Amino acid sequence: MKHSELSLFKESGEKIACLTAYDASIAGLIDGAGVDIVLIGDSLGMVIQGGSNTRSVTMKDMLYHTSIVSKACQSALVIADMPFESYENTELALTNAKQLVSVGADMVKIEGGQEHEEIFRVLVSNDINVCGHLGLQPQLVIDSSDYKIQGRDKGSSELIMSDAILLESLGISVLVLECVPSDLAKNVSSKIGIPTIGIGAGNGCDGQVLVSYDMLGITSGRQPRFVRNFMSFEDSISLAVSAFVREVKAGTFPSESESY
């Protein structure tokens, strides 16, 4: 899929199905099962490297995983996270974004809003396709106590809305909304013309993303309420991914009980 086709989902009302991948085997399986977007997430810091957060992930890590994942994807759009401290200024951000594109990323993802306005502006003006990320920003998380629902009060919800509108005006292609109340995510989705992809943000978004290890039941420990183990109902990874895609497209995932 080309990044320009993302707007067609919004126009048609078809939901976007997105999963993370960190290696060629999983990437090939989820690409073949009909996922629209494959995200090389800096969540690899936890699910691959065993860290407590995403902040230890380096550009070297992201370049390696982006390279191997992108080679396995024949149909899906490939988005790569810009890791912590890789976009501290415009020059660094542009250099690193270009590197990710050079190894196979169709788009890069950056967390945050108005505080990175110039970063977004420079990347877009240099023909780098950009995905935004608002709500819970994992790169600001130090320990598990920092994982909190965002946008519950008037001030923070208004900031998320204004940041979403700003990012659209700066030319980003798609926006991830993480761990925000479903009514706020639905409102943001209705106010901007680019697609939104939710994780822990209800089914009012234009699409859904999960960490593949979570939806395949590989991750140990207590899972957030928005995670569903699709392997519980299927006999193979391909069938589980197909079920995820099917339920996202039908609007039956996430359910109300899997939302905030």
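Helices (H or I, at least four residues) and strands (E, at least two) are DSSP runs, numbered from the N terminus. This is a predicted model, in which local features need pLDDT of at least 70, side-chain atom pairs count only at pLDDT 80 or more, and totals for chains, interfaces and linings use all residues. Residues are numbered from 1 along each chain as its sequence is written, and side-chain values use heavy atoms, without hydrogens and water.

**View 1. The second largest pocket takes the largest share of its lining from α7.**
That share is four residues. β5 (130-135) and α7 (154-170) each supply at least two lining residues. The lining divides into six nonpolar, six polar and three charged residues (nonpolar: Ala, Val, Leu, Ile, Met, Phe, Trp, Tyr, Cys and Pro; charged: Asp, Glu, Lys and Arg; polar: the others, Gly among them).

**View 2. The lining of the largest pocket includes residues from α3 (44-47), β6 (174-178) and β8 (207-210).**
Each of these elements supplies at least two residues of the lining. The lining of the largest pocket has 16 nonpolar, 11 polar and eight charged residues.

**View 3. Serine 259 lies in the segment after α10 (237-250).**
Serine 259 is buried, with a relative accessible area of 8% (buried means under 20%, exposed over 50%, partly exposed in between, with a 1.4 Å probe and protein chains only). A polar atom of its side chain lies 2.8 Å from the backbone oxygen of serine 255. Leaving out residues up to four places away in sequence, serine 259 touches Ser182, Gly202, Asn203, Arg225 and Pro254 (contact means heavy atoms within 4.5 Å).

Definitions and conventions: Polar contact = N/O pair within 3.5 Å; in protein donor to acceptor, adjacent residues only side chain to side chain.
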